[in-house]
Amino acid sequence: MSAATRASSGRTKLVAGNWKMHGSLASIDALVSALVAGKKGGAKMLLCAPYPYLKTVADRLAGSDILLGSQDVSTRIGSGAFTGEVSGAMLADVGCRYAIVGHSERRTLFGESDAIVAEKFKAAQQAGLVPILCVGETLDEREAGRTEEVVERQMKAVLDAAGVAAFANAVVAYEPVWAIGTGKTATPEQAQAVHAQIRSMIARQDATIASGLVILYGGSVKGGNAAELFAMEDIDGGLVGGASLDAAEFLKIYDAASAR
Ligand code: PGA
């Protein structure tokens with residue numbers, strides 16, 4: 001199958017920037033202005049900003065079709081005595097449409113279990129946000145031949161808790177932990193194999209939901225490697241960390257997605 005044939009999935013490509021704990025009001029202002037001015041293609045662009053900057057970014061994005069998201073969400077629904085937590089409803093209130101859940105940094109540095117990630121996935125949806133569920137193996141797990149088993153376990157935790165129908169309104173991001181922020185990207189073939197596994201897991205329960213599911217690749221996506229990744233059948237865009245802080249580089253990635 002040629003790359004061109006493979007790309008005809010019918011799914012709109014999505015390129016999401018995950019700014020992590022980076023930036024300042026001044027730097028974010030400059031970045032968003034450059035992205036608003038530079039976004040020309042037909043793929044979707046999403047910016048996941050740190051909490052304190054969400055409203056500012058939302059205001060700057062008014063009149064543009066660039067989407068806003070958060071990097072996390074509370075497991076707690078509604079309001080209450082949960083010091084430090086930010087609810088999905090609050091995120092939706094300030095203009096977020098998406099929320100990243102289960103990023104590997106949350107899982108490994110902040111102790112989020114599969115069960116907590118599943119709660120966050122459900123809490124995001126309950127607030128009307130589209131969860132971007134991150135899954136992926138560590139280097140040790142890959143080298144031990146356990147990639148498939150780890151991704152299966154992470155997906156199953158959410159599938160069991162939320163049900164397959166919830167995936168009609170969700171995004172999955174495959175982010176091999178060894179590729180995040182390391183400059184080591186998974187090869188298009190390595191990523192494609194896991195993306196296909198994720199899609200077939202969903203397809204076992206619902207083929208229509210599986211074929212519509214947007215599955216992003218994340219882990220050292222750059223302007224120089226985006227096109228070959230996005231050419232793969234089951235790679236529907238990227239979740240981009242480091243390169244999303246540089247407008248020109250992020251636009252290159254975005255343009256690669258729009259060209260598919
Ligand atoms: P990276 O991060 O692009 O800097 O590797 C990706 C991510 O953590 O989402």
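Hi everyone, let's start with a pair of helices: α2, residues 25-38, and α12, residues 247-258, have axes that come within 9 Å and cross at roughly 35°. Please keep in mind that this is a predicted model. The crossing of α2 and α12 is right-handed.

Which residues meet there? On the α2 side you'll find L31, A34, L35 and G38, and on the α12 side they meet A247, F250 and L251. By class, the contact of α2 with α12 has 6 nonpolar residues, 1 polar and no charged ones.

Now for the empty space. Rolling a probe the size of a water molecule over the atoms shows where such space is left. The largest pocket holds about 440 Å³. It is lined by 15 residues, and if you want to find its centre on screen, look for K20, M21, Q71, R106 and F110, the closest ones to it. Which helix gives the largest share of that lining? That's α5, residues 104-109, with 3 residues.

On to the second largest pocket, with a volume of about 190 Å³. Here 14 residues form the lining, and those closest to the centre are A168, A170, V171, G212 and V214. How does this lining divide by class? We have 10 nonpolar residues, 3 polar and 1 charged in the second largest pocket.

Terms used: Residues are numbered from 1 along each chain as its sequence is written. This is a predicted model: local features need pLDDT of at least 70, side-chain atom pairs count only at pLDDT 80 or more; totals for chains, interfaces and linings use all residues. Side-chain values use heavy atoms; hydrogens and water are left out. Axes are lines fitted to C-alpha atoms, for helices over the stretch in contact, and angles run from 0 to 180 degrees between N-to-C directions. Helices (H or I, at least four residues) and strands (E, at least two) are DSSP runs, numbered from the N terminus. A crossing is left-handed if the near helix is turned anticlockwise from the far one by less than a right angle, and right-handed if clockwise. Contact means heavy atoms within 4.5 Å. Ala, Val, Leu, Ile, Met, Phe, Trp, Tyr, Cys and Pro count as nonpolar, Asp, Glu, Lys and Arg as charged, and the others, Gly among them, as polar. On a 1 Å grid over the protein atoms alone, a cavity is a set of points where a 1.4 Å probe fits but cannot get out, and a pocket is an open set with protein on both sides within 12 Å along at least five of seven lines; lining residues have an atom within 4 Å of a point. Grid points are joined across faces, edges and corners, and a volume is the space filled by probe spheres set on the points.
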